[in-house]
Amino acid sequence: MSVPAARRAVDLSNLRGGIPAVMAHERLLPVHPVLAPLFGVAPGDPGLVRGHTVVCSGSAALSCALAVVAAPTQVGSWAGVVGLPSVGVSAAAELGVVLSRTVFVTGASSSSASSDMAAVISALVDGVEVLVLSRQVVGSVSGGVIRKLHTRLQSRGGVLVVVDDPGSVTADVRLAATTTMWDGVGAGNGHLQRRRVSIELEVRRRGRPTRADVWLPDHRGGLSMCDEQSSGNVSSGNVLPLHRTG
Amino acid sequence: MSVSTQPPRCAVVHTPAWPLIAAVMNGIAGRGPEYAPDQPLAVLRSQRVYCCSPVAWRDGVRPGMRRRQAQGACPHVVLVADEPDRDARCFEPVARSVGTLVPLLDIESPGSLSMATRGPSRYVGGDAALTVRLADLAMAGLSTAVASRIDPVALLSTGGGLGVGVADGRLAATLAARHAIRRGEPVVVEPGPAATAAFLAPYPVAALSAVAGCDVGLVDLLQRLGLRRFGDVAALSPHHMVDRFGSLGHTLHRLVSGTDDTAPSALPPPPDLTIARLFDDPVTQFDMLVFAAKSLVDELGRYFTDCGQVCTRVRVEAETEHGETSVRVWHRAEGMNESAMIDRVRWQLDGWINGDDRPSAGVTKLVLVPLEIRGDAGTQEGFWGGRTAADDAAARAIARVMGLVGPAGVTVASWCGGRDPREQYRMVSLADVGADGATVCERPTGPTAPAWSGAIPTPSPALVHHQPVSVQVLDADDRVVSVSGRGFVSAAPVMLCREHGRVAVLAWAGPWPIEERWWDERARRAARLQLVVQASDGPRAYLVEVSSGQWWLVAEYA
């Protein structure tokens, strides 16, 4: 039985009247204060739109993804990390990820079939607000699963973070993190202290990308803004290279 | 607080290895019920020997051994999987038989019963007479349950015998029952604080964890403090115990001196806490009953969680349409969380409905009555601390994922320290964290946090290879760089070779030698370097390690 289009439009508008209208950009998760300007919000304000898919790429993709995960876990959200058995937990902790609310799922990564992986992801998406997947995991499941996952995320209000661009997902937010330089090591002296990373953020259908230079990680392992004053060498005093004697 | 009331006099019937007896009663899988008592037998729990028969013990099988070790020690040992439901079902006839004399029984666990003796002793004419009657009744219950081919006495000896003890308080009575097994006759400890204290004094403090549900870590600490026996702890002043251990010290002192067997913080439960479910349609199916019980238990669990309390003793009552009832009191010294409580309800209902003396109609009423509550000392708070809606959703999702990939595949990170990025955090299965409330350790932070000497300073690598990748670090002449025993590199590294190509080294730092655990077989000598290499997409930083002349890529600063 077909309903006339005009009638249907009236019905729909009646239905919508009952639901308080919440725009997508009002359902937000917090972002790291340093990343906030990239997302177009003031530092401290939430800026990560629930239901979005964030794809991190470039040579600093993993650190960048961990920095995105950190802020939501600090306010009580749970994070699920699937298919990244070698993620550096210490680095995650230094970036501010709350480990007691971060679940690492590894069992199904290699041995089980892709259908199991799809089941794991869809079970996890119901419980965690931030889901971190590796490129291999995304590549191992079919496009239909990813589309369903996307729908589920939007209704649940979660965020999907993909480490390394698999090319097969539609990214709402693209974060390209490229290492510019490493600071702190010379020829046999010093130690790795901080990395200057150029982050380019592109939101789908939102015009030109925004760009910023950050220290990721900085000398304490965290994420900090890279302003011109601090771009000099962080180590104070003269570091003399060691020479072999005797 | 200093007023100490003598705990009520208690009798305990105890079988040390009930799972063995239950396994034999149930018929050992694949071997039929014809079990010869001289055959060594052991029950496995979590792939380790949980308990073993005296014959197996004589052949060298010990609790805690792995399956292979046990088979190595005694090749013809019969290994049976642990099954708590079976234990509880088989214990039901014994409980019922003892219940004909003493209706108010507390079941501590399948294989162990306790009861207050004040009424029964007067009825049968003294504690000594009571112990004899209890032993006879337990034996009679066992005989009715086993097939006629098995001799109940031989069966009992498989499980290490049966002991009956009477003393002031549950702890002393349990120890008396254990002592009775060794003596071969019931043990009655004279009433009064002095006699109880004298009886308890020679027991090792390890019994506290086995009998009173004290933390193993606490017992270990007591032992390291030189307090090896109950008497040593009881000899200390209670004030000193409180100074050192807080309220726990007070509890401990009362326990070991026999003046009390419940925590001083035990609270009388509010009278309206009884929780009941009436079924309009009588329920005959076991699964549906357990499902209904689960909702009751969850409701109780929520109440206790909100109050920060934990239930240590609960009465479970079920009634059928024809008025038949099953009433059992369950006790667990360390407190029952939801899953422990539902286990006990299930054991009781299973033993009743699927047992020999099954009810003739469907169940119409199910009642849970918490009898003893104490403040939750925080052990139960555990992992699911915040209890927000997000936490509940996460707990449900995690349970599902655990069902899909197995408990070992779902982990959280727990700090355990170390100088190697691979060993700083240990991945703990969420099943373990959830089950016994073990807390996830956080890395100590702040200016006073102790630092691991020899650890690589911050920042930490974002990608850690738990299986290190074999690489080569070459110098300008294409020779492999080596690190001498004094910690010097043979030449500056210039090139890093991985299996797919070589990259130029831009900068390097190190070497930082480590020499760990030289005193045992886990000894490790290595030296680490940080390398910044020129990759196709910009500089990349690696942590490499040389050990016995072989270079390994340990971590990447991704």
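This briefing describes the contact between chains A and B and the nonpolar cores. The structure is a predicted model. In it, 53 residues of chain A are in contact with 53 residues of chain B. The largest nonpolar core holds 119 residues.

- On the side of chain A that touches chain B, at least two residues each come from helix H3 (61-74), helix H4 (89-94), strand S5 (102-105), helix H5 (114-125), strand S8 (173-185) and strand S9 (190-203) of chain A.
- The greatest contribution to that side of chain A is made by S8(A), with six residues.
- Sorted by class, the side of chain A that touches chain B comprises 24 nonpolar, 22 polar and seven charged residues.

**Strand pairing across the chains**

- Strand S13 (residues 410-415) of chain B pairs with S5(A) in the antiparallel sense, over two bridges.
- Within this arrangement, B:Thr411 in S13(B) stands opposite A:Phe104.

**Nonpolar cores**

- In the largest nonpolar core, the residues that touch the most other members are A:Cys56, A:Cys64, A:Ala65, A:Leu66, A:Leu124, A:Val132 and A:Val161.
- H3(A) provides the largest share of this core, 10 residues.
- Because domain 3 (389-436) and domain 4 (463-556) of chain B both give residues to this core, it lies between them.
- Beyond its neighbours within four places in sequence, A:Val161 is in contact with A:Val54, A:Cys56, A:Ala65, A:Val68, A:Val69, A:Val130, A:Leu131 and A:Val132.
- Another core, of 97 residues, lies apart from the largest one; its members include B:Cys10, B:Cys51, B:Val77 and B:Ala172.

Notes: Residues are numbered from 1 along each chain as its sequence is written. Chains are lettered from A and ligands numbered from 1 in the order in which they are written. This is a predicted model: local features need pLDDT of at least 70, side-chain atom pairs count only at pLDDT 80 or more; totals for chains, interfaces and linings use all residues. Two residues are in contact if their C-beta atoms, placed from the backbone, lie within 7 Å. Helices (H or I, at least four residues) and strands (E, at least two) are DSSP runs, numbered from the N terminus. Ala, Val, Leu, Ile, Met, Phe, Trp, Tyr, Cys and Pro count as nonpolar, Asp, Glu, Lys and Arg as charged, and the others, Gly among them, as polar. Two strands pair if DSSP finds at least two bridges between them. A nonpolar core is a set of buried Ala, Val, Leu, Ile, Met, Phe, Trp, Tyr and Cys residues joined through C-beta atoms within 7 Å. A residue is buried if 20 or more other C-beta atoms lie within 10 Å of its own, exposed if 12 or fewer, and partly exposed in between; C-beta atoms are placed from the backbone. Domain bounds come from an automatic or database domain assignment.
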